[in-house]
Amino acid sequence: MPRNAMLEVKGGDITGTVRGFLEKLLEKKAVDALLVPVEVPSKKNVVQTMVTDIAQLADVSPLAPVMPVNTAKIISSVTKVAASTKKVGVILRSCELRALVEMVKLKQADMNNIVTIGIDCFGTYSVTDYAVFSQEHDTPAGEYLKKAASGTDTLLRPACKICQYPYPLTADMTIGLFGLPIEKEILVHSGTKEGDQVFEALGLDGEADPAKRDEALSALKSERQKLKEEFLAQVQQEAGGLDNMLSVLSACVACHNCRIACPICYCRECLLDSPTFVEWEAEKYLDWASRKGALRLPADSLLFHLVRMNHMGASCVACGLCEDACPNSIAVYKLFCLAGSRVQETFEYTPGRSADDELPLTAFKEEEFKGFEK
Amino acid sequence: MNSKDKPDSALVIGAGIAGIKAALELAELGHRVYLCDRKTHIGGTLLQLDRWFPDDHCGMCKVLPIFSRDRSSQYCLRRGLVHHNIEILSATEITGVEGEAGNFAVSTATRSSGIHPDLCIGCGKCSEVCPVEVDEEFNQGLGKRKAAYLANPTALAKTYTIDAQHCTRCRACEEVCPTKAINLDMQTSENTLSVGAIILSTGFDEFDAQAASQYGYKRFPNVITSLELERLLSGSGPTRGSLLRPSDDKEPQSVAFLQCVGSRSLERNYCSSACCMYALKEAIMIKEKYPGTDVCIYFMDLRTAGKGYYRYFEKARDELGIRFVRCRVPRVMQNFKTHDVIFSALGEDGQPIQQQCDLIVLSVGQTPSAQFVQVSEMLGLQRNRWEFCRTRAFSSVESLRDGIFVCGSAAAPKDIADTLTEASAAAGNASLLLAAPGDMQGDDQQSGEQAEDMKAAVFICTCGEEITRALDTKELVSFSGQLAGVIHAGEVSHLCLPETLAQVQTKIRDMGATHVIAAGCSALTGQKLFGNLPLEIVNIREGLAWVHQDNRSAATRKARKLISMALARLRYARPSRTVQSSIVSAKGLVIGGGASGLSAALRIAEHGHQVELVERSGEVGGKLRSIHSTLEGEDSRALLDDLLKRVSENPLITVHTETVVEHISGHAGAFYAKLQGSDSEPYELDAGAVVIATGADEGTTTQYLYGQNERIITQTELEERLAAGQMDPQQLNSLVMIQCVGSMEAERPYCSRVCCAQALKNALQLKERNPDIQIYILYRELMSYGFMEEYYTRAREQGIVFIRYEPDKKPVVEAAEEKLSVSVNDPVLGGAFSLSPDLLVLSTGVVPADNSVLAGMLDIDVTEDGFFKEAEVKFRPVDVIKDGIFVCGLAHSPRNIQEALVQAQAAAERASLILSRGSLVSGQSVSEVNETWCSGCELCVQACPYGARVKDADKGVALVVEALCQGCGACVSACPNKAAKLRQFTDRQILAALDEAL
Amino acid sequence: MADDNKDFEPILVGFFCNWCTSTAADLAGTTRLQYPPNIRPIRTMCSGSVDPIYILRALLSGADGIIIGGCNPGDCHYVSGNYKARRRIAGLKTILDTLGLENDRVWLKWISAAEGQKFAVTMRDFTEKIKELGPSPFRKNWSV
């Protein structure tokens, strides 16, 4: 049974309310540690931090609009070698949670003892934008939430503007903001047994009515869907076809930062950095050059993007961090969101929807995809 | 037992699929096998068929060995078979047999095919000039061939043959043959083979439909046989797969199948067992290709008594709209103007039926093969009244003469799955008579050395003019000679000829070449031509010269590309290495102690291996304990006693009753199981192979007031009571049996196969003991397949009344005071009538046990109906896809005792194949893992169909169990960063070849 | 367009499985069924081992067409390789189609061992269709 509770927001301090909630988690030993966004001393960034001492939660800032690294990647490094033996509560935006679900399917993270605390997300800024924004305001998170409510935030990253799932899909607990008078109250929702245990540990009663949020979400969903289709149509027009594609990718220097930022690209080493692709005799390079009369080097830049798309497209959660990572501001997110969305439609697969959905390339049916047999 | 003078070889007569399978089983055990066939090629009837019921797939290649793959050919069986322990004797007849079991001397006569197989290069010139034209057997006479012809067009070695019967000795072929391979003075060479056992797999002859004149076969062009239809639907057939009727080459709009042609008649009162199903398959093939065509099957009973068969019928009827009409007394006429055919018969209700259709297909039955009749005379085998081989009680593979075994349709008509099951069982029986094989391993242990610099030799075969006609081989030689890494390029005239090959081999040695490229024909494929030197074969004949005959420069250009591609593949090949093997635990584990389990355990023990047999209940014997006789009158109690005695006396068998398998894991050669007895400590064991024989149960029902009235009992209860003397047939006036209670219905959409025979058996016994008793059998389809048909006839002769009912008009049973009443709608008489039996007997069928727990532990599948799923329904009938696990008896599917026993022997044989090896050896081409690169995502583990990839929990990376790896490369394409590699097909090799292709 | 392509000889790459499609190719040869010489076959053990990266590499390097030939559904020697291949190709073709990158140049065909005729006809169709499409834009583009 899903349970819902309202947390009173005192003095309009939403961050403070969430901080109070997190402190309680540690205090009541509902979890042994928290992995949460904490403001760095310079205030220019908010970074994922593993906290075991309540005192260190003073600068926690889960609502600040910045996501330097997709938290799924962090959970992967923490749990891949050996699962956690202690309970760790983790705050995740929806795209982080969805990436985490995919990582688990790909055996790159272990959910044992991980309690997920999803958070409604109005969107984030790039790390650079946030660094500036944070210096301009005393309480950047509070300022952002005000702007978010008005729906006119121009700093939001493109991925956030059309995000289809700004609300967590599979969290043990969710901190709900949408549709609520967040200056006065915010929602805590439990969706799983683990969440219920936290409710009990904290002595929350679970009878609050989440209807307002639900209504707001359904309105938001249809709006976002429309925005996304418009966006994709535009991308298709701008980037479709070989010449346009190459134009979009012309600044690529093959640094592969996009794949390092990507929460789904989990390979220890990328195939395109492997000897199979880069270590050939000089004669080979000359052969390749002579085939077309010339050869762009480093070679295989388009191949890299297409192969990456082919590998992670079905699981792409459209977090957009690839584009943020690009040193030359290539619109990688646009391309990958477009291709990923279409691949997901082909396979009728929604990444991060459920841990029980099979990865498209590990499943098959005897009768399917006849249209692709030519 | 293993005396030195005892032969370790066996002879298999008949190289159809049964013979191939039996030969492979023996060869895999390490025995020498002579596989002989009177035809010039192997493959039998299957070469003419494209796919099989009940899954519409082709899976012939799946009979090839799983372990030590490199010892046999790795290509489609239609192309031939190579195995280092099998000698194929084609065009060979048996002329005499002396000796006894364990030591036969068999004389053979091999007729010269008129063309020396070592010299024939398959160019086909002889055929071109041959003036004689006769009907082509491969296409059932629907096409023509010459007297000099290629009997199997798919074979790799395109060895032509002269049809001595039709050859006019004009000698035109002799003149034109470029290698002087033809010698029309066809001699027969005689030989004597020393073998310990003989397996007859002579197959069947198709019933000659001309003998049943009412069908108009050969008189009316549009009446064809089922095999002719197969050829018309085949891509390799005379119409290249278009269904065109013979009279006018038009696509038929309506097709009618007539069942039981040559079966279930006075002259041949047996059911051919396979025709209903192949007719269904052919009907489905037509419907899938031509959805608009009206397809109707006219039949008496639709015998879908096999695993998955009833579902197949439902698919045909419900999804594809194939029509089914029950009828008798069929007749065919034709409209002489249009050649349309008119079918007439009596419907079930006695009313005449008539249909005009474009094409009629006769589902012709199986008759004993003439070859079998002839050979059996020579061997002194007994035949039954229909001239099939007589076999021992409860065995369908042991002839009445020691040391001679049969499989397939030699002893009774049957389909492929049963045939292959028997082939394994027969091979197992035979191997017990042979001396222990000398060389069990025989796998090539290759060295890991490879020269640092490639010194490749390129040989380009001109094939006389066959290749030079289409491309410039001289140019190709000079091109190849200039390629980096090539130290020699040269032309040869016929690389396939032994003499040429020997010269080339010497040359390679002399020049110290490290790699070889052989450009020639497909006959070179898959042969070890040059020892262990890395070799690439480039097919420039079938793949080039013969298919690009009119563009010399383009063909030459392509040939250059292909050579460059082959060279690239060689250049980046990884060094070959010693193949890995894993040690095998030489103990068998049999789960289930019914007749199948007991029999499997015995057979494994007879092969000299220890067996642990686990039985859940307190005693072994299973269902056999409730079988008191068989329809054929064999003594099932004696069978039970014999099995129990032999098991208890065998020191290699340990029986654990009241024990369950609590845990089982591992893979072929290395299973680990934990057994839990009811009141004992857990018992742990290692096993090399597992046989599942967990049986099934008699169905229960709530239909027809069962359980509410003591006069309503099941067939098994009736049998028990009769056997125990608890029932006096004299006291019964009338009795009704209802068949298919719970079977072939929504809840269990399969035929339980055994109930019709059980009903016939019980009914006949009751009649024998009280001839006045009135017996009514209410049935849906009477499944008296094979020789059971006679008992069906006998039952009717004795006055037993058979009334068919439709599933939507089931009999209605009412019980009042003393009396039962059963009302049923009789489609023959066309009305409902009521019976008042003293006793109502329900055939409640067979239901699978709860197999999910065991299946879960073993990580194997069960079918939709809940029985264990085999690796391939036809071609690996007792194997489970996870190697090392085998399934037999009722755990596999409903079947009678004899069928279960042969399956148990087959499963035991397959298990013994593993247990007999010290280690399991993989092929050269297996996958491997780059551990530094592996992220442990397990995509490869999920992609591997064989369980050959597992995750090493400590290292967090994937591992390859090489013995299980079949080299398919599914893991390679699943792995995103190519931490997975497939030896001999590495990415570097493929990418490099690709570069050269462009 | 059609006129420009009259002399155009496409470079075609085929990945053919060892079991069925290679047998069919051989049968086409034995039966002397003619087809254009543009196809360059690469034998793989199974269609399921054909990694989309081979296809992409071929396409980007300038192959005008790439065809994968495997066993009919259900016939795969390795149980399910062709089903897996079909999924991979479905994903790959979706990407190519979405990005306007010559999706029509990638074909997947099931050709069984007995289908020599189908092999030859497929090669003819494939060559013809790719001729109609004209040279691949990747052929002359050095900057991919």
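Tutor: Let us take chain B, with which chain C makes contact (heavy atoms within 4.5 Å) through 51 residues of chain C and 62 residues of chain B. This is a predicted model, in which local features need pLDDT of at least 70 and side-chain atom pairs count only at pLDDT 80 or more, while totals for chains, interfaces and linings use all residues. Residues are numbered from 1 along each chain as its sequence is written, chains are lettered from A and ligands numbered from 1 in the order in which they are written, and side-chain values use heavy atoms, with hydrogens and water left out.

Between chain C and chain B, about 4,600 Å² of area is buried (accessible area, 1.4 Å probe, lost on putting the two together and summed over both), and carbon and sulfur atoms give 60% of it. The interface also holds 3 salt bridges (a side-chain nitrogen of Lys or Arg within 4 Å of a carboxyl oxygen of Asp or Glu). Asp51(C) forms a salt bridge with Lys978(B), where the closest N and O atoms are 2.3 Å apart.

Turning to the inside of chain B, we find 5 strands in an open sheet with parallel pairing, ordered β29-β28-β27-β33-β44 (strands are DSSP runs of E, at least two residues, and helices of H or I, at least four, numbered from the N terminus; two strands pair if DSSP finds at least two bridges between them). Because β29 (653-656) and β44 (885-887) of chain B stand at the edges with a single partner strand each, one side of each has no neighbour in the sheet. On average, neighbouring strands are turned by 20° against each other, direction ignored. At one end of the order, β33 (residues 689-692) of chain B is joined to β44(B) by 3 bridges, the two running parallel, and Val690(B) has Ile885(B) in β44(B) as its bridge partner. Helix α13 (residues 595-606) of chain B packs on this sheet and touches β27, β28, β29 and β33 of chain B, its direction making about 170° with that of β28(B) (axes are lines fitted to C-alpha atoms, for helices over the stretch in contact, and angles run from 0 to 180 degrees between N-to-C directions).

Chain B has another open sheet of 5 strands with parallel pairing, in the order β35-β42-β36-β37-β38. Its edge strands, β35 (712-714) and β38 (801-804) of chain B, each pair on one side only. Here 4 bridges join β37 (residues 774-779) of chain B to β38(B), in which Phe802(B) stands opposite Ile777(B).
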